[in-house]
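I opened this notebook to keep track of what I look up.

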Amino acid sequence: MLKKRIIPCLDIKNGRTVKGVNFVDIQDAGDPVALARQYALQGADELVFLDITATIEARDTLIQLVEEIAANINIPFTVGGGITSVAQAKALIRAGADKVSVNSAAVKRPELVQELAAEFGSQCVVVAVDTKFEDPDWTVFVSGGRTPTGIKTLDWVKQMEALGAGEILLTSMNNDGTKAGFALDITEAVASSVQIPVIASGGAGTVEHFATLFGQTTASAGLAASIFHYGEIPVPELKSALKTKNIAIR
Amino acid sequence: MIAIVKYNAGNIRSVENALKRLGVDCVISDDPEVLSKAEKLILPGVGEASSAMAYLRERGLDQVIKERIKPTLGICLGLQLFCARSEEGNTECLGIFPEAVKRFPPKEKVPHMGWNELTALKGPLFEGVQANSDVYFVHSFYAESGPDTVAACDYILPFSAALSKGNFYATQFHPEKSADVGEQILANFLKLPAV
């Protein structure tokens with residue numbers, strides 16, 4: 001049976017993780033390579049790196065970092081943050097990223113997704129969607145969630161799928177940072193309106209939140225950051241707890 | 001010498017990295033002479049079947065691969081190219097394995113992306129690999145089960161997770177992205193006796 005994926009997400013700034021991660025066996029909590037290795041050893045199914053600097057100087061640092069990560073881990077990983085062109089994506093994929101994720105740039109120019117899919121194949125193209133519920137609709141926000149686009153989320157994900165997206169990384173801004181659970185309604189609405197896999201993000205705080213996500217929606221994966229980084233729920237504990245609840249977990 | 005076929009598909013770097021982690025050096029080449037002499041040859045691949053076959057034919061690499069008598073491994077699209085034909089772009093492939101490559105019916109999410117388990121393991125590629133081990137898949141097309149199937153997987157329907165015949169081996173999953181299980185499988189391929 002295809003397993004539900006557990007994906008830690010690391011924010012990167014100037015080649016370093018933004019918030020220190022408290023792993024006992026790691027001395028340098030800001031070293032993304034060491035952290036990535038540790039997560040891979042712990043049984044994370046995939047990793048996502050989001051570069052939040054996205055300046056031109058930081059690009060070269062990011063590419064070097066991606067090379068190092070690729071040399072050091074044996075699970076798939078996605079790199080995102082500020083990608084606006086096929087050339088930028090190509091540099092990251094050549095450096096060893098398995099997938100790239102695009103967000104604001106896809107809203108600005110949806111054909112980018114088509115170009116990326118044509119160049120690398122859909123399996124390399126993740127479209128990250130930041131969504132917020134404001135009565136009566138879930139709509140898409142860009143620029144780190146600061147700018148509303150007015151585009152309805154369900155329309156957007158269908159358009160992205162049609163243009164060749166291979167996966168949707170859906171973050172509910174209403175839930176992000178709350179640790180009160182994933183946004184089950186929009187996650188399922190998105191997952192059931194596209195054929196491609198959906199990664200749910202935003203709101204993970206407990207094992208039960210992941211159990212509910214996988215029990216009540218058809219999301220393929222759950223992504224979280226702080227609960228893993230601060231050791232609140234270590235990946236191995238999360239995975240074994242979900243297994244005891246009969247959720248398909250590696 | 002271990003060689004990786006250089007062609008117009010992604011993830012060659014990932015395979016090279018995985019071999020390095022196993023302490024093995026390799027060359028990446030599209031030179032027919034290098035590829036036919038290599039002790040071990042790997043045809044990796046993420047990409048599209050018809051353009052990948054066209055690329056191999058243009059350089060005469062289709063014949064080089066077919067005529068090899070030393071251990072040769074196809075990964076992902078590499079497995080599909082080793083088969084007789086693929087529904088992707090209606091492509092005539094290398095015909096090393098008689099199995100046909102078809103598109104998954106859209107009954108569940110396609111591509112089949114993520115970790116899924118291997119069953120019915122046979123042969124040297126899976127030595128020391130436990131049944132029901134999970135490995136990482138990303139694909140929308142699959143090879144049917146057949147006489148050359150040496151590992152099975154089930155997604156929407158049962159399909160060949162790995163094929164083997166004579167000196168040819170192929171995995172639909174990505175051993176280079178499948179954590180320690182994948183490393184074991186690559187190590188098993190690397191230690192196959194030279195012919």
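The entries below go from the overall build of chain A to single strands and helices, and then to chain B.

**Entry 1: the whole of chain A**

I note first that this is a predicted model. I counted elements in chain A and found ten helices and eleven strands. Then I looked at the overall extent. The C-alpha atoms of chain A fill a box of roughly 45 × 45 × 35 Å along the principal axes. I also checked the radius of gyration. A compact globule of 250 residues would have one near 18 Å, and chain A has 17 Å, which agrees.

How much of chain A is buried? Buried residues make up 50% of its 250 residues. I also looked at how far contacts reach along the chain. Taking contacts between residues at least 6 apart in sequence, I found that 66% join residues at least 24 apart.

**Entry 2: the core**

I looked up the largest nonpolar core, which has 143 residues. Among the residues with the most contacts inside it are A:Leu47, A:Val100, A:Val127 and B:Phe82. Leaving out residues up to four places away in sequence, A:Leu47 touches A:Ile7, A:Pro8, A:Leu10, A:Ala36, A:Tyr39, A:Ile75 and A:Phe77.

**Entry 3: strand S6 of chain A**

Next I followed S6(A), which covers residues 125–134. Eight of its ten residues are buried, so S6(A) is largely enclosed by the rest of the structure.

Which strands pair with it? I took them in turn. Strand S5 (residues 99–102) of chain A runs parallel to S6(A), joined by three bridges. Here A:Ser101 has A:Val126 of S6(A) as its bridge partner. Strand S9 (residues 167–172) of chain A also runs parallel to S6(A), with six bridges. On that side A:Val126 is partnered by A:Glu167.

S7(A) is antiparallel to S6(A), and five bridges link the two. I found A:Asp130 opposite A:Phe141 of S7(A). The link from S6(A) to S7(A) is a hairpin through two residues.

Is A:Asp135 buried or exposed? A:Asp135 counts as exposed, because it has 4 C-beta neighbours inside 10 Å, and the cut-off for exposed is 12 or fewer. I also checked its distance to A:Val194, which is 59 residues away along the chain. Their C-alpha atoms are separated by 23 Å.

I turned to helix H3 (residues 86–95) of chain A, where A:Ala89, A:Leu92 and A:Ile93 are buried. These three cover an arc of only 100° around the axis, which puts them on the same side of H3(A). Just after H3(A) comes A:Gly96, with a positive phi of about 125°.

Then I took helix H10 (residues 235–244) of chain A. Which of its residues are buried? I found A:Val235, A:Leu238, A:Lys239 and A:Leu242. Their arc around the axis is only 95°, which means that they sit on the same side of H10(A). A:Pro236 and A:Thr244 are exposed on the other side of H10(A).

What covers the buried residues of H10(A)? The cover includes strand S1 (5–13), helix H1 (32–42), helix H8 (207–216) and helix H9 (226–229) of chain A. After H10(A) I noted A:Asn246, whose phi is positive, near 60°.

**Entry 4: where the chains touch**

I moved on to the contact between chains. In it, 28 residues of chain B meet 26 residues of chain A. On the chain B side, the elements giving two or more residues are helix H1 (12–21), strand S8 (112–117), strand S9 (134–139) and helix H6 (179–190). I sorted the residues of that side by type: eleven are nonpolar, eight polar and nine charged.

**Entry 5: a sheet in chain B**

The order is S6-S5-S7-S10, with mixed pairing. Strand S6 (91–92) and strand S10 (141–143) of chain B stand at the edges; each has a single partner strand, so one side of each lacks a neighbour in the sheet. S6(B) runs antiparallel to strand S5 (residues 85–86) of chain B, and two bridges join them. I checked one bridge: B:Ser86 is partnered by B:Thr91 in S6(B).

Notes
Residues numbered from 1 in each chain as written. Chains lettered and ligands numbered in written order. Predicted model: local features only at pLDDT ≥ 70, side-chain atom pairs only at ≥ 80, totals over all residues. Helix = DSSP H or I, 4+ residues; strand = E, 2+ residues; numbered from the N terminus. Rg over C-alpha atoms; globule rule 2.2 N^0.38 Å. Buried ≥ 20, exposed ≤ 12 C-beta atoms within 10 Å, placed from the backbone. Contact = placed C-beta atoms within 7 Å. Core = buried A, V, L, I, M, F, W, Y, C linked by C-beta atoms within 7 Å. Nonpolar A, V, L, I, M, F, W, Y, C, P; charged D, E, K, R; others polar. Arc of directions from axis to C-beta. Pairing = 2+ DSSP bridges.
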